[in-house]
Amino acid sequence: MDLIVARDRSELLAARAGLGIGRAGRYGADGGALALVPTMGALHEGHRSLIRLAREHADHVAVSIFVNPLQFGPNEDFSRYPRTFDADLEVCEAEGVSMVFAPAAEVMYLPDRQVGVSSGQMGTVVEGAFRPGHFDGVLTVVLKLFNLVQPDAAVFGQKDAQQIALIRRMVADLNLPITIIGAPTIREPDGLALSSRNRYLSAADRVTALALSAALREGARQTRPKDILHAAHAVLDEAARADPPLVLDYLSLVHPATFTAVTEDHRGEAVLTIAAKVGATRLIDNVVLTLTP
Ligand code: AMP
């Protein structure tokens, strides 16, 4: 079936109707289930893996492509964020996506917009401490996408670990009738996590950037929080002396659901998470560890 591209709410509703998805198109009901994969476009193999996972969970997949101005800070890369719409449509077509929702900013946000979602205290720590307002912007656009597309399920990558934790928090706190599905991080063979921002990296930047995944790997070989952080820091410190240098924003070991720092006696899952700049590009990566006694 041909890929449908919807630009606004009425085109979305028409697309849903065309696919036979009714208002009560919930899991188990007539009309088939719909899974949403929210993206900012510049689709790569990581996004493809999310789409494939979505297809396993639903009869139809919708992909949203929207570079959300609300989640970018004033000195961030909103204006130069890669926009590759035609190639993105080809990816969606090849992956069997039923509809793409690609609204203009004016369709998403009223000029006199007042109300948004607050990410609370959890949105101000770790990544949120370096990007004030970022997670409020993410949650606001995701809630709007949920209301517009009305999916039964939505798929998010573990690559953005604090983002998916906050989306799960929003679903619980606001009683959203949507199943959240997490997807593993897809990497290059040398370990670099795929990201739309990787295309900014020069050849030299890319070598330095390998320190993020290498630090996570070294940390994951240890068992105690202090040793995990120490081993990861050793790799990052070396990369800080490289050319170009890695400039670390943070390295943290946190609870996966709350993103508070784990204590030395913590047992169970923890997320080792890094953000760093290489040249003009800011990169993030993380790994989920299980700490045993
Ligand atoms: P973005 O377009 O960067 O906003 O990402 C859209 C979705 O793709 C988010 O849920 C990301 O977590 C996910 N994603 C980004 N990079 C990867 C990756 N390397 N592996 C798996 N999922 C990813």
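## Ligand shell

The shell around the ligand holds 8 nonpolar, 7 polar and 2 charged residues. Here Ala, Val, Leu, Ile, Met, Phe, Trp, Tyr, Cys and Pro count as nonpolar, Asp, Glu, Lys and Arg as charged, and the others, Gly among them, as polar. This is a predicted model: local features need pLDDT of at least 70, side-chain atom pairs count only at pLDDT 80 or more, and totals for chains, interfaces and linings use all residues. Residues are numbered from 1 along each chain as its sequence is written, and side-chain values use heavy atoms, with hydrogens and water left out.

Which residues come nearest to the ligand? Of the 17 around it, they are His47, Gly157, Asp160, Ile186 and Leu194. A residue is near a molecule if one of its heavy atoms lies within 4 Å of it. Strand E2 (34-39), H2 and strand E5 (153-157) each supply at least two residues of the shell. H2 gives the most, with 3 residues. Helices (H or I, at least four residues) and strands (E, at least two) are DSSP runs, numbered from the N terminus.

## Polar atoms at the ligand

A polar side-chain atom of Asp160 sits 2.6 Å from a ligand oxygen atom. A polar backbone atom of Gly157 is 2.8 Å from an oxygen atom of the ligand. Ile186 places a backbone N or O atom 2.9 Å from a ligand nitrogen atom. The ligand taken alone exposes 480 Å², and the protein buries 92% of that. Accessible areas come from the Shrake-Rupley method with a 1.4 Å probe; for residues, only the protein chains shown count as cover.

## Helix H1

Leu12, Ala15 and Arg16 are buried in helix H1 (residues 9-18). They cover an arc of only 100 degrees around the axis, which puts them on the same side of H1. The arc is that of the directions from the helix axis to the C-beta atoms. Buried means under 20% relative accessible area, exposed over 50%, partly exposed in between (1.4 Å probe, protein chains only).

On the other side of H1, Ser10, Ala17 and Gly18 are exposed. The buried residues of H1 pack against E1, E2, E4 and helix H6 (134-149). Contact means heavy atoms within 4.5 Å. Gly20 follows H1, with a positive phi near 80 degrees.

## Helix H3

In helix H3 (residues 85-94), the buried residues are Asp88, Leu89, Val91 and Cys92. Seen down the axis of H3, they fall within an arc of 160 degrees, so they line one face of the helix. They pack against strand E1 (4-6), helix H2 (45-57), strand E3 (60-65) and strand E4 (99-101).

The face of H3 turned away from the buried side carries exposed Asp86, Glu90 and Ala94. Gly96 follows H3, and its phi is positive, near 75 degrees.

## Two loop residues

Is Arg197 buried or exposed? Arg197 counts as buried because its relative accessibility is 16%. It lies in the loop between strand E6 (179-183) and helix H8 (203-220). The Arg197 side chain makes a polar contact with the side chain of Asp77 (2.7 Å). A polar contact is a pair of N or O atoms within 3.5 Å; within protein, one must be able to donate a hydrogen and the other to accept it, and residues adjacent in sequence count only if both atoms are side-chain atoms. Not counting residues up to four places away in sequence, Arg197 touches Phe72, Asp77, Tyr81, Arg131, Thr281 and Arg282.

Val115 is in the loop between helix H4 (105-108) and helix H5 (127-130). At 72% relative accessibility, Val115 counts as exposed. Val115 and Thr140 are 25 residues apart in sequence and 8.8 Å apart in space, C-alpha to C-alpha.
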